[in-house]
Amino acid sequence: MPDLNVIPQEHKINRSDRQKLLGHRSFVIWFTGLSGSGKSTLANLLEQNLHSKGILTCILDGDNIRNGLNKDLGFSENDRIENIRRLGELCRLFTDAGVVVLTAFISPFRSDRSCVRELMGKDFHEVYVKCPLDVCESRDVKGLYSKARNGSISNFTGIDSPYEEPVDPELTIDTSSMTIEESAEVLDKYITKLLIKDRT
Ligand SMILES: Nc1ncnc2c1ncn2[C@@H]1O[C@H](COP(=O)(O)OP(=O)(O)OP(=O)(O)O)[C@@H](O)[C@H]1O
Ligand SMILES: [Mg+2]
């Protein structure tokens, strides 16, 4: 039930003022892919790269958000929807603040990613971090695949819960056939174009 006593406030300084102050545009780079595909690795490399160029960034990483802001949410249908709604709102707040947002969530469902795309419009850039399940499983960075295989965790993406591949992502990076450095280079090229395009 909407609260009729909540009245949206106008502010004197807006996103465009903040972007002028910072000297760059703000947008969201949304990494999606299986656990262990390389989302956090690439988000961190990209952030270091952008930071060194004087660009204000922020990483929103799955585990950190689930341990903090979304601590109260589980993995039921309703909680998943609420999780993604809050992530979308976070992206909006951060881009309003002028920040280049890098997100690293598995975000396995197309409908969830579409929700954020709808909310963010042209500021949403989906990067599919593509990697076959067997490669992710052999990396097993967090030991979660072996737990999923022996049944100690359930609803694990790729094992007993689906991952829906992006249909038309802005960028795909195949981390099973590229080195970390090559992957970072592809990303760097994409972002550089984006920053240049956004300045015109
Ligand atoms: N080309 C590559 N790009 C990124 N990571 C790679 C690449 N090749 C190998 N790796 C390795 O794959 C692993 C990816 O782990 P990472 O934690 O980044 O995955 P993730 O997608 O964030 O997983 P999770 O969803 O569980 O957080 C790292 O150990 C990294 O060194
Ligand atoms: Mg990660």
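Guide: A residue is near a molecule if its C-beta atom, placed from the backbone, lies within 6 Å of it. The model in view is a predicted one, and by this rule 20 residues surround ligand 1.

Visitor: Which residues are the closest to ligand 1?

Guide: The closest are S35, G38, K39, S40 and T41.

Visitor: Which element gives the most to the shell around ligand 1?

Guide: Helix α2 gives the most, with 4 residues.

Visitor: What is the make-up of the shell around ligand 1 by class?

Guide: The shell has 11 polar, 6 nonpolar and 3 charged residues.

Visitor: Why are α4 and α5 called roughly parallel?

Guide: Two packed helices are described by the angle between their axes and the distance between the axes. Helix α4 (residues 77–96) and helix α5 (residues 110–120) pack at an angle of about 30°, and their axes are 9 Å apart. Angles under 35 degrees count as roughly parallel; α4 and α5 are therefore roughly parallel to each other. Their crossing is right-handed.

Visitor: Which residues make the contact of α4 with α5?

Guide: Helix α4 contributes R80, I84, L87, G88, C91 and R92, while α5 contributes D112, C115, V116, L119 and M120. By class, this contact has 7 nonpolar, 1 polar and 3 charged residues.

Visitor: What is the order of the strands in the open sheet?

Guide: The sheet has 5 strands in the order β2-β3-β1-β4-β5, and the pairing is parallel.

Visitor: Why is one side of β2 and of β5 left without a neighbour in the sheet?

Guide: Strands β2 (57–61) and β5 (171–174) stand at the edges and each has a single partner strand, so one side of each is left without a neighbour. On average, neighbouring strands of this sheet are turned by 20° against each other, direction ignored.

Visitor: How do you know that β1 and β3 pair?

Guide: Two strands pair if at least two bridges are found between them. Strand β1 (residues 28–32) is joined to strand β3 (residues 100–104) by 4 bridges; the pair therefore meets the requirement. The two strands run parallel, and I29 stands opposite L102 in β3.

Conventions
Residues numbered from 1 in each chain as written. Chains lettered and ligands numbered in written order. Predicted model: local features only at pLDDT ≥ 70, side-chain atom pairs only at ≥ 80, totals over all residues. Nonpolar A, V, L, I, M, F, W, Y, C, P; charged D, E, K, R; others polar. Axes fitted to C-alpha atoms, helices over the stretch in contact; angles between N-to-C directions. Parallel < 35°, antiparallel > 145°, perpendicular 65-115°, else oblique. Left-handed = near helix turned anticlockwise from the far one by under 90°. Contact = placed C-beta atoms within 7 Å.
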